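Subject: Structure handover

Hello,

Here is the structure I promised you. Please open it and keep it beside this email as you read.

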Amino acid sequence: MWTRIGRRAFIIIASLFFVFLACLQAEDISFEATVNSNKISLQDILELTLSVHGAKGEVSSIPIPSIDGFEVRYVGPSTRFMIVNGVTSNEHSFIYNLFPNKIGHFKIPSIQITIDGKTYSSNPIDIDVLSKSDVVASSTDQAQEKSQEAIEDKVF
């Protein structure tokens, strides 16, 4: 009689353990938009990456709205799957090239995606499109500030 009870208890405990492990490995889904630079020149190409973290299964490409001041071209998808210390994670990314049409301050709007009936929104991103000479001057100023900070760190 104890063997039957012991066997049932073992099966129940083992089942609960595996359910607990599955819950630990379940990821929260997140969605974000990133760009390679917030300041570009009129001749540069801006790379917009839309990333979905933690979605199980296939994620279809994300349609993006027209963006004022840019021509948008879809480059392609990228998928990353990792196992670290027994914990799995995955990321689906969709890469777009944005070609600026004019100089000015622009905003990439919040982009939405629906996964498993739930809607996720990305963060809006501010972009400054400058003339080539303004971008060079801006990068020179930043380099001078960094070198000044490095000197101040070494001088007591």
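Below are my notes on one strand and its partners, and then on the salt bridges.

Please keep in mind that this is a predicted model.

Start with strand β5, residues 87-100. Is this strand mostly covered or mostly open? It is mostly covered: ten of its 14 residues are buried. To count as buried, a residue must have under 20% relative accessible area.

Now look at what pairs with β5. Strand β3 covers residues 46-53. It runs antiparallel to β5, and eight bridges join the two. To find one of these bridges, go to Leu-46; its partner in β5 is Leu-98.

Strand β4 takes in residues 70-84. It also pairs with β5 in the antiparallel sense, here over 14 bridges. One place to look is Met-82, whose bridge partner in β5 is Ser-89.

β4 and β5 also form a hairpin, with two residues between them. Asn-85 sits in that turn and has a positive phi of about 55°.

**Salt bridges**

How many salt bridges does a search of the whole structure find? It finds four. Here are some of them.

Take Lys-102 and Asp-68. Their closest N and O atoms are 3.6 Å apart. That counts as a salt bridge because the cut-off is 4 Å. Lys-102 is in the loop between β5 and β6, and Asp-68 is in the loop between β3 and β4, so the pair ties together parts that lie 34 residues apart in sequence. How open are the two ends? Lys-102 has 41% relative accessibility, so it counts as partly exposed. Asp-68 reaches 52%, so it counts as exposed. The line for exposed is drawn at over 50%.

Next, Arg-73 and Glu-71. Their side chains meet in a salt bridge, at 2.9 Å from N to O. Arg-73 has a relative accessibility of 44%, so it is partly exposed. Glu-71 is partly exposed too, with a relative accessible area of 37%.

Then Lys-107 and Asp-126. This salt bridge has its closest N and O atoms 3.5 Å apart. The pair links distant parts of the chain: Lys-107 is in strand β6 and Asp-126 is in strand β9, 19 residues apart. Strand β9 spans residues 125-130. Asp-126 has 37% relative accessibility, so it counts as partly exposed.

Best wishes

Note on methods:
Residues are numbered from 1 along each chain as its sequence is written. This is a predicted model: local features need pLDDT of at least 70, side-chain atom pairs count only at pLDDT 80 or more; totals for chains, interfaces and linings use all residues. Side-chain values use heavy atoms; hydrogens and water are left out. Buried means under 20% relative accessible area, exposed over 50%, partly exposed in between (1.4 Å probe, protein chains only). Helices (H or I, at least four residues) and strands (E, at least two) are DSSP runs, numbered from the N terminus. Two strands pair if DSSP finds at least two bridges between them.
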